[in-house]
Amino acid sequence: WILMATARAPTNIAVIKYWGKRDEALILPINDSISVTLDPDHLSATTTVAVSPSFEKDRMWLNGKEISLSGGRYQNCLRELRNRAGEYTDENKGIHIEKYDWNKLHVHIASYNNFPTAAGLASSAAGFACLVFSLAKLMNVKEDLSQLSTIARQGSGSACRSLYGGFVKWTMGNEMSGSDSIAVQLANETHWDDLVIIVAVVSSRQKETSSTSGMRGSVETSSLIQHRAKVVVPSRILQMEQAIRNKDFSSFARLTCADSNQFHAVCLDTSPPIVYMNDTSHRHDLFHNYRIISILERWNRHEGTPMVAYTFDAGPNAVIVAPNQKVAIDLLQRLLFYFPPARDNELSSYVLGDKQIL
Ligand code: DP6
């Protein structure tokens with residue numbers, strides 16, 4: 001016999017960023033973070049998992065290519081899931097799995113990202129959220145999403161936030177075990193559905209410094225990161241929660257841009273400095289992400305109120321949030337004016353909503 005389960009999980013974009021761990025093995029952060037989960041039609045992972053007595057070992061394929069599961073992060077997720085697996089019976093098929101049988105049975109995992117391959121967008125958040133959710137279904141794990149988020153967190157910190165739609169907070173927690181370092185939903189996907197998120201794909205180049213090693217460097221060498229984690233972020237989290245509750249775009253935009261810029265300031269304050277923000281400038285001067293910032297800042301200043309919010313992760317692509325479709329279209333027209341599609345289509349923008357533009 002063989003049992004299977006399939007799930008899909010979208011990626012999420014942090015508007016108050018997670019940067020820095022207090023425990024590397026358990027992936028426990030030094031500050032809370034807040035994110036928006038994207039619409040699953042665009043940047044998401046789809047994972048099918050299977051179990052059968054005939055499988056001889058755990059195996060995984062990512063986009064059709066077998067990858068090793070020997071890394072600590074995969075092993076931690078698999079162990080946590082097996083510890084919480086439940087009994088399963090299907091009398092018609094004559095299947096009976098005891099709780100403890102899951103320690104002997106092996107799983108096969110096949111995961112696909114629907115990320116445009118050229119986009120160079122991070123996929124670990126969607127990937128681990130999807131892996132944990134699909135395996136939890138297969139193994140009959142009877143825990144709620146916040147409990148599952150503590151497992152996804154051990155795959156990749158940002159993954160814990162992708163288990164929920166809408167606006168999500170990852171509370172850092174205080175326990176050494178990480179039991180209270182969980183994701184909670186602040187508002188579901190229908191709460192503020194006017195927002196449009198545009199990912200301006202500036203470069204498909206892989207980032208030079210991974211988030212994991214980048215944040216390790218910042219924790220070890222930056223003094224700014226301490227001030228950020230202890231003073232700035234706690235107050236921003238409260239303000240952001242309020243902005244989301246009240247659908248107050250102007251506060252939302254101000255906090256989002258400020259937090260992205262402070263995260264990149266912490267990167268520069270790291271020794272040796274980490275420079276994610278000008279990663280793309282070598283390709284084409286027009287696609288300098290500082291230029292995107294200056295265009296958007298100028299537009300916001302000109303209107304006297306934030307028209308859009310921008311945020312950049314540990315990679316070159318701009319994520320821009322518009323308050324509604326009308327502004328989103330205006331924004332796309334501006335981007336196309338300043339960054340006309342290059343010969344080799346370096347800048348491809350698309351709206352993460354119900355339609356794809358470009
Ligand atoms: C800048 O979750 O990729 O995107 O926990 O080491 O896997 P690990 O790091 P990861 O870091 C994400 C960093 C960020 C900000 C964020 O998503 O909050």
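Let me start with helix H4, residues 211–221, where Gly 214, Met 215 and Ser 218 are buried; please keep in mind throughout that what we are looking at is a predicted model. Why do these residues of H4 lie on the same side of the helix? They cover an arc of only 90° around the axis, and therefore they share one side of H4. If you turn to the other side of H4, you find Ser 213 and Glu 220, which are exposed. As for what the buried residues of H4 pack against, there are strand S3, at residues 21–23, together with H5 and helix H6, at 249–268.

H5, which covers residues 224–245, lies across S2, S5, strand S12 (167–170) and S13, and it runs at about 115° to S2.

The sheet itself is an open one of 4 strands, in the order S2-S5-S12-S13, and the pairing is antiparallel. Strand S2 (12–16) and strand S13 (183–187) stand at the edges, and because each has a single partner strand, one side of each is left without a neighbour in the sheet. From one strand to the next, the twist averages 35°.

Methods: Residues are numbered from 1 along each chain as its sequence is written. This is a predicted model: local features need pLDDT of at least 70, side-chain atom pairs count only at pLDDT 80 or more; totals for chains, interfaces and linings use all residues. Two strands pair if DSSP finds at least two bridges between them. Helices (H or I, at least four residues) and strands (E, at least two) are DSSP runs, numbered from the N terminus. Axes are lines fitted to C-alpha atoms, for helices over the stretch in contact, and angles run from 0 to 180 degrees between N-to-C directions. Two residues are in contact if their C-beta atoms, placed from the backbone, lie within 7 Å. A residue is buried if 20 or more other C-beta atoms lie within 10 Å of its own, exposed if 12 or fewer, and partly exposed in between; C-beta atoms are placed from the backbone. The arc is that of the directions from the helix axis to the C-beta atoms.
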